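Welcome, and thanks for taking a look at this one.

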Amino acid sequence: MDEAEATHTFPKQLFKKMGEQAFLCPRYPLEMGGGGDKITECIMVEELCRVNVGIAGSLMVQSGLATDPIYRHGTEEQKERFLLPAIKGEKIGAFGLTEPDVGSDSAAIKTKAVRSGDDYIINGTKMFITNGPICDYVVVAAYTDPTRRGEGINLFIVEKGTPGFTVSRKLDKVGNCSAETGELVFEDCRVPAENMIGEKEGGGFAQLADTLISGRITYGARCTGTGQAAYELTAKYAQERIQFGKPITKYQINRFRIAEMAMYLDVMRSYTYRVARLYDQGRKVRKESSMVKLFTAEILQKILNDAMQIHGGYGYMMEYPIQRFWRDGRLFTITEGTSEIQHLVIAKEIGL
Ligand SMILES: Cc1cc2nc3c(=O)[nH]c(=O)nc-3n(C[C@H](O)[C@H](O)[C@H](O)COP(=O)(O)OP(=O)(O)OC[C@H]3O[C@@H](n4cnc5c(N)ncnc54)[C@H](O)[C@@H]3O)c2cc1C
């Protein structure tokens, strides 16, 4: 893990090791090599984030965005070629929606896929793509019909080595350094029509919505695991740090802050698992999944901020692990729908 952080390189062997033990994509059915349900995935993710948020993030793309559209909407052949090898860790997946000029307003993507005989020709650039530099395939969102905003989007599976597909650069990040993030360019990239997910042109946006709902619940577990690590480090440090002749936990402000962390984490965990359970039962949880992500990501910021404050100057030193969780957890109000976008979704769902 230390090497991964220092070199900003994902330890790729983890994919195979976890796949062999059915730990890589826990949300899928047992017979496919998964763990059976969403709750199992949340438990795994929480524990992974307690150790290393970047590594967990990379694995989460594999078990979520890069495989979920194929699982839900892919053909049997696509499942054989991409989903099952991904669950086993034999293929690494990535997911490309965001572009240099398009983030939250995802219906505004400019990438296009134009039919040409038995193929589609894809042109466009994807930005901030987790696993992009190490992937064997990427699920790319592109317009087949740009006149139908949102509706005219499809998802395509583009394999590494396809002419016209390049990783133009690996991006240097503030945190989540163990996950590799890149910019991907598609230039007259010809992919067979059978690599399109779904049977007809259009509808890819709706396919994405399902995937994002599931991912937002996973964020609850990511935030809880990250917060748990920060809390444990802080409680330990504060009991050991002596100032004015006694441990700093003896001062009420620190004591209360740590007590609040414990309380917040309990609520974060309980809420995440409640919504994960509803999801496993097949209930509609669009609103709740956004609430989970918004709540846990925002409360995590308070936990991380307090954790750093209680660590004092040492917290700001690279040799103390709290800084890593503070840097890594900062991401969670931004990715897969910012906190502001979650507010918009919730407001719409409650009829405002
Ligand atoms: C480390 C990392 C990994 C990522 N991995 C992937 C990946 O694997 N695949 C992928 O496709 N993308 C990925 N992303 C992209 C990520 O999902 C986007 O960064 C995110 O959706 C936000 O888009 P943006 O950064 O363009 O911000 P913008 O959309 O430009 O937003 C900037 C600010 O404006 C606010 N804002 C925007 N619109 C509104 C509005 N209507 N009302 C109020 N406020 C608004 C936002 O909330 C935000 O605070 C990754 C990003 C990072 C940083």
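In the residue classes used here, Ala, Val, Leu, Ile, Met, Phe, Trp, Tyr, Cys and Pro count as nonpolar, Asp, Glu, Lys and Arg as charged, and the others, Gly among them, as polar. By those classes, the largest pocket is lined by 22 nonpolar, 13 polar and 11 charged residues. Please keep in mind that this is a predicted model.

**The largest pocket**

- The volume of the largest pocket is about 1500 Å³.
- Its lining is made up of 46 residues, and T98, I334, T335, E336 and G337 are the ones nearest the centre of the pocket.
- At least two lining residues come from each of helix 4, strand 3 (119-130), helix 7 and helix 11 (339-349).
- Helix 7 makes the largest contribution to the lining of this pocket, with seven residues.

**The largest cavity**

- The structure has one cavity of 30 Å³ or more, and the space in the largest cavity comes to about 90 Å³.
- Helix 7 gives the most here, supplying five residues.
- The residues around the largest cavity are R27, E41, M60, V61, G64, L65, T211, G215, T218, Y219, R222 and E336.
- The lining of the largest cavity divides into four nonpolar, four polar and four charged residues.

**Aromatic pairs**

- The model contains nine aromatic pairs.
- F10 and F15 form a tilted pair, because their ring centres are 5.0 Å apart and their planes meet at 45 degrees, an angle that falls between the 30 degree limit for stacked and the 60 degree limit for edge-to-face.
- Are these two residues buried or exposed? F10 counts as buried because its relative accessibility is 2%, and F15 is buried too, at 1%; the cut-off for buried is under 20%.
- Y237, Y314 and Y320 are joined into a cluster by ring pairs.

**Charges over rings**

- The charged end of K293 lies over the ring of Y219, at 4.8 Å from the ring centre; Y219 is also one of the residues lining the largest cavity.
- K38 sits over the face of Y279, with a distance of 5.8 Å to the centre of the ring.

Conventions
Residues are numbered from 1 along each chain as its sequence is written. This is a predicted model: local features need pLDDT of at least 70, side-chain atom pairs count only at pLDDT 80 or more; totals for chains, interfaces and linings use all residues. Side-chain values use heavy atoms; hydrogens and water are left out. On a 1 Å grid over the protein atoms alone, a cavity is a set of points where a 1.4 Å probe fits but cannot get out, and a pocket is an open set with protein on both sides within 12 Å along at least five of seven lines; lining residues have an atom within 4 Å of a point. Grid points are joined across faces, edges and corners, and a volume is the space filled by probe spheres set on the points. Helices (H or I, at least four residues) and strands (E, at least two) are DSSP runs, numbered from the N terminus. Rings of Phe, Tyr and Trp (its six-membered ring) pair if their centres lie within 6.5 Å; planes under 30 degrees apart count as stacked, over 60 as edge-to-face and the rest as tilted. Buried means under 20% relative accessible area, exposed over 50%, partly exposed in between (1.4 Å probe, protein chains only). A charge sits over a ring if NZ of Lys or CZ of Arg is within 6 Å of the ring centre and within 35 degrees of the ring normal.
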